[in-house]
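Please examine the sequence and the three-dimensional structure shown here.

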Amino acid sequence: MLSSLDRGVQRAGRAVVFLALAAMLALLALGVVVRTFPVIPLAGYDEIVELLMAWMTFLGAAVLCGEGSLYRVDVLVAWLPAGFARVLGLGVRLLTLLFALVLTVEGWRVAVLSAETTPFLRFPKSIAYASMPAAGLIMIVYTLAGLGRALHDLRLRRLSQAST
């Protein structure tokens with residue numbers, strides 16, 4: 001059940017990131033065309049691009065965290081002895097958890113305390129800022145799951161070594 005939930009979150013996250021990128025590119029291209037050929041007024045599109053950029057960036061980071069590839073240097077892990085690579089992996093997960101906790105708490109604070117609005121469309125900037133705690137929560141869940149798997153694997157390795 002958790003595996004299917006994970007796949008659903010990953011698919012939804014990727015879809016939102018892709019759609020945000022496509023919408024940003026379309027708005028930016030339209031902005032260039034309208035500046036070159038001013039046939040229709042297009043004011044405030046850059047504010048929408050800013051909102052999409054925030055969600056794309058932070059949600060994209062959360063998706064990468066779920067894949068285990070946000071903070072990963074495969075060359076280094078392959079070069080290190082297996083035991084040290086596992087310890088390094090645990091350390092990276094713990095640092096990722098710390099980062100996600102700070103991102104969630106501080107992002108929540110910024111989103112809740114912000115009274116700013118965008119200049120033209122008057123969107124509350126807290127909509128963009130909410131991408132930080134949302135992504136942070138996803139990262140926390142993924143990182144805790146990764147830590148649980150890593151500790152379980154470590155325990156299984158120790159049990160198999162003790163039985164041989």
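The description begins with the origin of the model and the overall fold.

This is a predicted model, in which local features need pLDDT of at least 70 and side-chain atom pairs count only at pLDDT 80 or more, while totals for chains, interfaces and linings use all residues. Residues are numbered from 1 along each chain as its sequence is written, and side-chain values use heavy atoms, with hydrogens and water left out.

The chain contains six helices and zero strands; helices (H or I, at least four residues) and strands (E, at least two) are DSSP runs, numbered from the N terminus. In sequence order the pattern is α-α-α-α-α-α. The radius of gyration, taken over C-alpha atoms, is 21 Å, well over the 15 Å that the globule rule gives for 164 residues, so the chain is more spread out than a compact globule. That rule is 2.2 Å times the number of residues to the power 0.38. Along the principal axes, the C-alpha trace spans about 80 × 35 × 30 Å.

Of the 164 residues, 29% are buried, where buried means under 20% relative accessible area, exposed over 50%, and partly exposed in between (1.4 Å probe, protein chains only). The accessible surface of the chain, from the Shrake-Rupley method with a 1.4 Å probe, comes to about 10900 Å², and 73% of this surface belongs to carbon and sulfur atoms. Among contacts (heavy atoms within 4.5 Å) with a separation of 6 or more, 73% are between residues 24 or more positions apart.

The helices can now be taken in turn. Helix H1 covers residues 2-36 and includes valine 34. This valine counts as buried, at 12% relative accessibility. Leaving aside residues up to four places away in sequence, valine 34 touches Ile40 and Leu42.

Helix H2 has 23 residues and reaches 32 Å from its first C-alpha to its last, close to the 33 Å expected at 1.5 Å a residue. The expected span of a helix is 1.5 Å times one less than its number of residues. Glycine 68 follows H2 and has a positive phi, near 80°.

Helix H4 has 32 residues, and its reach of 46 Å is close to the 46 Å expected. Its buried residues include Leu90, Leu97, Ala100, Leu103, Thr104 and Gly107. What covers the buried residues of H4 includes helix H2 (45-67), helix H3 (74-79), helix H5 (126-129) and helix H6 (131-163). Threonine 104 gives one detailed view of this helix, which runs over residues 82-113. The relative accessible area of threonine 104 is 11%, so this residue is buried. Beyond residues up to four places away in sequence, threonine 104 touches Pro133, Gly136, Leu137 and Ile140.

Arginine 122 lies in the loop between H4 and H5. Its phi is near 60°, a positive value in a residue other than glycine. With a relative accessible area of 55%, arginine 122 is exposed.

Helix H6 has 33 residues, which should span 48 Å at 1.5 Å a residue; its end C-alpha atoms are 48 Å apart, which agrees. The buried residues of H6 include Pro133, Gly136 and Ile140, and these three are among the residues that threonine 104 touches.
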